[in-house]
Amino acid sequence: MAHPPAILTAAICGAETTRAQTPYLPITAQELAVEAERCVAAGASVIHLHVREGDGTPTQDRALFDKAIRAIRARCDVIVQTSTGGAVGMSAEERAQPLDCQPEMATLNAGSLNFGDDVFLNPFPMVREFASRMRDRRIVPELECYDAGHVESCVALAKEGVIELPAHFDFVLGVRGGLGASEENLRFLLTKLPAGCSFSVAGIGRHQLPMAELSLRLGGHARCGLEDNIYLSKGVLAKGSYELVGRLAEMARAAGRAVATTAQARELLRIRPRA
């Protein structure tokens, strides 16, 4: 069976990457919008969005998200997927603010885990509350899974009626404290994927490009960008997430996959066409 067009997601900013690590990190709304436009031109149909204060501090401030989303939409037609993960240590109400900006899509983190030396807390009551807000606002969730148990948690939440299946899963692999980035682990996760669901892979650091290539070969989709990895090749900084998107587009075509347009991505992700 032929695989669908490949949805490429660009995680252009994140909450952890700093300007000290790479001078190419976009921070202001206009910088985010310019980077988003470049990523769309390179083949991205989804922008995974975080925002920062002027000094680079991560924030979930509703006003800054609204400003960035407006700036992105003024430049290009792309699915804006807001983060509800924010940064480690943020409160639930702080993390939920972007949902008030009416994004087409938002991340829904399925469970807690050790995250490096910190703990990324996603207790079930919080997950249920975020899912309820997304459902009320008709925001499509992307189910973020850092470990196999998170997939099983999503299945349990679906049985409760908290989330709807089929859905789109994103397997985040290579976080210290989560499931490692390997072909064996990805194939194991796919055995747990509920029928009819789609999946994407976000490999962390040096695992980003190899795991993206594997996902594309297996019929999945892929995420890249400066949030998770700042290098185009060993020791060579990517000049922006758009360079990484371009590399993924090459991988998709080499795997015999078309690169999804934004309209195709909306259809595949069950997102209503924008008015």
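## A buried aspartate

Leaving out residues up to four places away in sequence, Asp 170 touches Glu 142, Leu 143, Glu 144, Cys 145, Ser 200, Val 201, Ala 202 and Arg 223, where contact means heavy atoms within 4.5 Å. You will find Asp 170 in strand β10; helices (H or I, at least four residues) and strands (E, at least two) are DSSP runs, numbered from the N terminus. With 0% relative accessibility, Asp 170 counts as buried, a word used here for under 20% relative accessible area, with exposed for over 50% and partly exposed in between (1.4 Å probe, protein chains only).

A word on the source: this is a predicted model, in which local features need pLDDT of at least 70 and side-chain atom pairs count only at pLDDT 80 or more, while totals for chains, interfaces and linings use all residues. Residues are numbered from 1 along each chain as its sequence is written, and side-chain values use heavy atoms, with hydrogens and water left out.

## Nonpolar cores

Which residues touch the most other members of the largest nonpolar core? They are Leu 8, Ile 47, Leu 49, Ile 72, Val 245 and Leu 248, in a core of 42 residues. Such a core is a set of buried Ala, Val, Leu, Ile, Met, Phe, Trp, Tyr and Cys residues joined through side-chain atoms within 4.5 Å. Two or more residues come from each of β1 (8–11), α1 (29–42), β2 (46–49), α2 (62–75), α7 (208–217), β12 (221–224) and α8 (241–254). Another core lies apart from this one, with 34 residues, among them Ala 96, Cys 145, Phe 171 and Leu 179.

Beyond its neighbours within four places in sequence, Val 245 is in contact with Leu 8, Ala 10, Cys 39, Ala 42, Gly 43, Ala 44 and Cys 224. Helix α8 also holds Ala 252, which is buried at a relative accessible area of 0%. Not counting residues up to four places away in sequence, Ala 252 touches Ala 6, Leu 216, Arg 257 and Val 259.

## Aromatic pairs

The model holds five aromatic pairs. Rings of Phe, Tyr and Trp (its six-membered ring) pair if their centres lie within 6.5 Å; planes under 30 degrees apart count as stacked, over 60 as edge-to-face and the rest as tilted. Phe 115 and Phe 120 make an edge-to-face pair, 5.9 Å centre to centre with 75° between the planes. The rings of Phe 169 and Phe 171 are tilted, with centres 6.3 Å apart and planes at 40°.

Phe 115 is partly exposed at 25% relative accessibility, whereas Phe 120 is buried at 7%. Together with Tyr 146, Phe 115 and Phe 120 form one aromatic cluster. Phe 169 and Phe 171 are both buried.

## Backbone details

Most residues other than glycine have a negative phi, and most peptide bonds are trans. Leu 165 and Pro 166 are joined by a cis peptide bond, with omega about 5°. Pro 166 sits in the loop between α5 (148–160) and β10 (168–173).

Gln 102, though not a glycine, has a positive phi of about 55°; its place is the loop between α3 (92–96) and β6 (105–109). Arg 270, also not a glycine, has a positive phi of about 60° and belongs to the segment after α9 (262–268).
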